[in-house]
Every structure is written in structure tokens, then in C-alpha cells.
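Please read them with the structure open.

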Amino acid sequence: MEYVNPEGLRQDGRRPKELRQLGCELGVLAKAAGSATFEMGNTKVLAAVYGPHEASNRSAAASGATVHCDYAMAPFSTGERRKQGRTDRRSTEISAVIRNTLEQTIITELLPNSQIDIHVQVLQADGGTRCACINAALLALAEAGIPLRDMVAACAAGYLDETALLDLNYIEDSGGGPDISVALHPQFDRVVLLQMDNRLPLETFETVVELAIKGCKAVASYMRGQLLEHTRMLASARGFDKL
Amino acid sequence: MVAKPVRIAAPGDSVVDLPEKGEVRVGTGIHQEGNHLITCRPGLLCTTQSGKVWVAGRQKRYIPQVGDCVLGVITDKHSENYGVDINAPFVASLPVLGFEGATRRSRPNLQVGDLVYARVTAADRDVDPELVCTDASGKGAGFGALAGGQAFRCTTSFAAKLMSQPQPAILSALGKALQFELAVGLNGHVWVHSPKPTTTIIVTNTLPKGEFLSDAQAELVVKRIVSSMQ
């Protein structure tokens, strides 16, 4: 299979270093303390934040809030309808990855003895769901007003047909090449998540990670813009027009 | 003091570098990272002349602060205190003796589910919040159990707006047209009571809409509702 054609275009018409179309919406659920949807091309995820509330295990949360994360794929999210596996290995692993990334982002020591529940649901899966989930969860946390060290943005990159590709979709993801997920604190240039399946020579690894970091920065600036726009909308509705 | 919003901030924005000398008073939504002050949630960045800096965000969950007036629901009854749900991460405790004129002999008889209007006296990150139903001099001053009426929830920022002076347009317009009493808790709980149940229902339905209405719109909405009553 050819992933990059001779003209240098990918199967979905993107250039190798091009992100998919991004989209997001904040405050989609009335009951949750914070909620958001995030789209990267055809991948669409929904995140809801509940809390902070009293921790179920108070001794574990004595020095700072514990973060609980629940990742689930909707049965209708993939091409072939699937039974929902809440306990399968893949979703347990992705939950842990998202939780770990967000634990480093939330200022947990401000909220001891409490717990923050984050539920992410994949509505449409087209590759890069874990990155989309991290982005959606961050927006939901920000909407809930939970103290954050910085924004966090995640993006994946891969290496196929001897070309570094940004933001893989499902076809490219299942192409068998390496896939690197990176999450970044953009203000501090701090990498908080770096995950790779498959192997890569060291030189190419660096170029691919470089590309993923650039992708993260682009995603972060988009998310920041949307967050500011949302806040501006709320503020102007409350009578602060001149900002 | 009147706060002046400076700009809109997102988490991770650098606000000010700490000066060598002088005083900066840091409020909610600001976090110190080394020598910089950094915002940690989205909202309006506000400053005052006296060097106070904070971020005013729209938040549903309430984080208790000493001195706030809150509206809570009794959830537990113990011999020395009541447990009160104030929409915060933890259940607050309200001592039985924290009412005007209460002694060991004559104590208030509150039931689980009752509404109380109270003042936060302790709010520490490591200790559960504490409430009393008196002002600083031990007088009732409007605090205590609320009987009758109806309560609704809103965001903490809208509750703060309802408490602010001058009153928001929706509240003053409703106040001119109808007769009712209101207790606003900064935790995003609002209680409405009036002699006529219809008035209570109208106010509980109309007031939350006022969060995103301009002054002119709010007056129009109230006018329309009041005229449809007659």
C-alpha cells in the first residue's frame, strides 16, 4: 500500500506535515462540572469532568487530589460495530496514559483529600484517539475551573514510506509503521507524554518526535484560541464587552 | 473595591514577573511558578490599584472561602453538629451552638433536607469547612434555617453577580414588578420565597435566564412575563 504518493500527498489528500481539521465545543453537558468535545478530522471524542469531590480513598489523596480517568469507546465509533469492552487491556492502558498526563497538568496539591473524575468517550474513531482524548479532557478541566499548571496538547506522528507523517488517521495507523504520541506543556516546552509502538532508528526517531512536538504546539494554539473565545463569549454575555 | 478586568486569560499565561520590592496580593486562579505568576484557569484577569490580582472564572463547583455567605442543605444530624452540603468538595459542619441564642438546652431542631443560610468560618485545604448561622457579633442577622420557598442552582459567578452592587438588571426589574425575598449563597445556591406560590415559580424560572441577558433584554423579559400574568 502506498501511503504517500509521488506528488507527496497522503491518502486523505494531506501533506505529510499537515494536521487534520480541528474542531471543539465547550460546555456541552449541563450536569458535568466541565465538558467538551474535540475533533481531529473524523475522530471525535467527548470528555466530562465531575468534581473535585471527596476522595473514595482519602488516605491516598492526603497530599493531593487523585485523578480518576475512564476511557470508553462507543460501540458505534468504529467501522464494524463492537461490543463495549470496559475492561479490555487497550482501554485500561489508554485510561492510565490519559490519567498520567493530566495528573502532571492539574495542580493536585491545591486540592488534597479530593478526587476528580474524568470520563472520556470516543464517539468516532479514526486514529489518534488517545491524543484527541487528552485534548478534550484538558478543555473540560479548564471549563470546570480546575487549577492547571499549563495547557496540555497531544498529537501523534508516524513514519511510513520513509516520510515522517503528522497526525495519523486510522488507515495510516494500521499501516504497521511506528506511531509516536506526544503530549506537551506548550508554555514550558515540557514533554509530559512520549509513547511509541514499534521501533525506529535513532535519527528518524528524533525527526518524528520533533514533528509531533510541532504538531502539539499547533494544536495547543488552536485550543488556547478556542478557550479564550469561549471565555470572551461568556464575558461579553455578562456585560464585559470591551475585551 | 471595583475590579477592572484587564484581559482574558487561559491556563498557563504569564501574568506578571514578581517585582524585587513591593506587594502583590494573589487571589484565585493564580499560581506561582519560580519568579512568575501564572494563571491556572480560564477567565477574566482582574487587578486593583492596591496590587490584588485574580482570575474571575465561571465555575459550577464551589471552593469555600472564609466569610462567604452560603446556602446549604442539611445532610447529616449529629449530637454536636450538622453536616451541610454546600456544593463544595467536602461536607461542611455546622455546630449546633452556631445559632443565635443557642445553648446546650435550647438547640435548633433541624431535619435532614432543611435549607440553611450560613457563613463560612473555616476553610482550609486540609480541614473540612465550618459554618455558623450568626454574624461576627453573634446576632442572627438573617442567617439560619429557611422555611418554605424554593431553591435553585446556578454558577458561582452568577451568584456573585446577584450579590453585587448595583444590582443586575434582571433582579431589579423583578423586584420592581413582584414581591419576593431572596437568599443568594456564593456557592451557587439561590433561595426564593414569596407569599404567592406563582410569584416564587416565576422568579425561580426567570432569574437563571438573567445570566446571559443584557440590561435591556432582561427588562423586556420581565415586562413580558409580568404582563402575561395579568
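1. From the N terminus on, chain A of this predicted model runs β-β-β-β-α-β-α-β-β-α-β-β-α. That amounts to four helices and nine strands.

2. Overall form of chain A. The radius of gyration is 18 Å, close to the 18 Å that the globule rule gives for 243 residues, so chain A is as compact as a globular protein of that length. Along the principal axes, its C-alpha trace spans about 55 × 45 × 35 Å.

3. Packing of chain A. Of its 243 residues, 49% count as buried. Take the contacts in chain A with a separation of 6 or more: residues 24 or more positions apart account for 69% of them.

4. Which residues have the most contacts inside the largest nonpolar core? They are A:Ala47, A:Val49, A:Ala136 and A:Ala137, in a core of 86 residues. Helix H2 (residues 129–144) of chain A gives the most to this core, with 12 residues.

5. A:Val49 deserves a look. Leave aside its neighbours within four places in sequence. A:Val49 is then in contact with A:Ala32, A:Ala33, A:Gly34 and A:Ser35, among others. Its partners also include A:Ile116 and A:Ile118. Further along the chain, A:Ala140, A:Leu141, A:Ala144 and A:Ile146 are in contact with A:Val49 too.

6. A second, separate core has 38 residues. Among them are B:Tyr62, B:Val70, B:Leu171 and B:Val222.

7. Chain B is divided into three parts: domain 1 (4–56), domain 2 (69–146) and domain 3 (150–229). The C-alpha centres of domain 1 of chain B and domain 2 of chain B lie 33 Å apart.

8. The record for chain B. UniProt, in an unreviewed entry, places the annotation "domain: K Homology" on residues 149–197 of chain B. In the model, that span is 37% helix and 29% strand. The end C-alpha atoms of residues 149–197 lie 8 Å apart.

Methods
Residues numbered from 1 in each chain as written. Chains lettered and ligands numbered in written order. Predicted model: local features only at pLDDT ≥ 70, side-chain atom pairs only at ≥ 80, totals over all residues. UniProt positions renumbered as here; feature names shortened; annotations may be inferred. Helix = DSSP H or I, 4+ residues; strand = E, 2+ residues; numbered from the N terminus. Domains from an automatic or database assignment. Core = buried A, V, L, I, M, F, W, Y, C linked by C-beta atoms within 7 Å. Buried ≥ 20, exposed ≤ 12 C-beta atoms within 10 Å, placed from the backbone. Contact = placed C-beta atoms within 7 Å. Rg over C-alpha atoms; globule rule 2.2 N^0.38 Å.
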